[in-house]
Amino acid sequence: MNRNITLFPWYKFLSGLIFWQAAWFLYIQAELSAAEAILMYAIYDVATTVLEVPSGWLSDQWGRRRTLIISATAGFATATMQAVGGDFVWFAAAQLLLGAQAAFASGTDSALLYESLAAEDREGEIERQELRAWRAGFAALALSAITGGILARFDLSFPYIASALAFALLVPLAWAFRDPPRRRETAPHLRLATLKAALTNPVLTWLLALATLMYAFSHTPFVFGQPFILQALADTPFASEAPLVAGGVTAAMMSLSLLVSIFAPRLRSAIGLTAILLSAFALQVALPGALAIATGPLAILLLLARMVPDALARPFLLARIQPLLADDSRATYLSLQSLAGRVLFAATLWVAAASTTEIGLMPEEDIRAVLGTYAIGGVIALAALILAARRLPIERL
């Protein structure tokens, strides 16, 4: 179990080497169209949605290690397929595999960490270990973003080749994990009972709603950031450098979030868990609103704040949820949580895809309208969360 704990940040680092993040929209838009690029992300989210709960159930029944091996293998396959390129059906199939990669890792990785700590009577370290793993993942995202942007200057498929190599290293690392010991064997009907108890816990319900919304708002700038950058650079000398600029912005974004994570534990202690979680979501809501009205290349700087809310919320959110879950339904619950976020975001993406062009680049006015709509919905959701939090013991007792 100590080896699991030691390897876990390296697992998060390798899984965070997503070199295509700087150019995926530009690549698919060049191969297909803007509307189909949005639909690719929607297909990925739908695939993950379908597989989320079955993968969580498999993780609880079959073991964390095997589930993570499947995830890494699917990641290698999807990166390789997208590097080769093809028509809409080919890219859609690759997105299905990408959905499998995300679904089989979702919840299982965090469950492996918590249960490994619990097996060594180190549960009290969960916040610190989650933050440590989160930093490793974000360091990889920052490194791969700028590197992927550079690679995309030569060929938009090169970032996918680099990602395939990273996943090829991830497979043997996942193989090196060992399943944490089960505290007890539970009959299927009792597993359902512990899952039902978690889903009806008022505090977990509030945290589930927050996690669902934060997933959607975290990924909104990810999908629309690249066409936004392309439009902002359209009348500048850097118009042909959109992939490199996108990679640089993403790297700076991740670096800023890593810097914020240094101060996050102190801020969490000073203002409390509820306040830091709601503040993080408020920042997420503000970003699409600001992007909707910002103009010119300077507006690109707003994208640097995209991952700051994750630094303020993600590790503490997971650390608060984990002790409230039973071992025999932990991954299933965390998969349901991811499922809710993906369903919400996929639904909004289908609406966004229907409101823009099916040919060529996404118009600037369409980008601003979509982002403005997200911001309005976010303000309403934030107000509801604040009102509900006043009646719940969100802070750890």
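## Salt bridges in a predicted model

Arg-128 and Glu-125 pair up through their side chains in a salt bridge, 3.0 Å from N to O. The term covers a side-chain nitrogen of Lys or Arg within 4 Å of a carboxyl oxygen of Asp or Glu. The structure holds 7 salt bridges, three of them shown here.

| Pair | Closest N and O atoms |
|---|---|
| Lys-12 and Asp-109 | 3.1 Å |
| Arg-268 and Glu-127 | 3.3 Å |

A quick word on the ground rules: this is a predicted model, where local features need pLDDT of at least 70, side-chain atom pairs count only at pLDDT 80 or more, and totals for chains, interfaces and linings use all residues. Residues are numbered from 1 along each chain as its sequence is written, and side-chain values use heavy atoms, with hydrogens and water left out.

Arg-268 sits in helix H11 (residues 242-271) and Glu-127 in helix H7 (residues 126-154), so their pairing ties together parts 141 residues apart in sequence. Helices here are DSSP runs (H or I, at least four residues), numbered from the N terminus. Arg-268 is buried at 14% relative accessibility, while Glu-127, at 22%, is partly exposed. Buried means under 20% relative accessible area, exposed over 50%, and partly exposed in between (1.4 Å probe, protein chains only). Lys-12 belongs to helix H1 (residues 2-15) and Asp-109 to helix H6 (residues 108-119), so that bridge links parts 97 residues apart in sequence. Lys-12 is partly exposed at 23%, and Asp-109 is buried at 10%.

Then there's helix H2 (residues 24-31): 6 of its 8 residues are buried, so the rest of the structure largely encloses it. Among them are Trp-24, Phe-25 and Tyr-27.

Technical notes:
Helix = DSSP H or I, 4+ residues; strand = E, 2+ residues; numbered from the N terminus.
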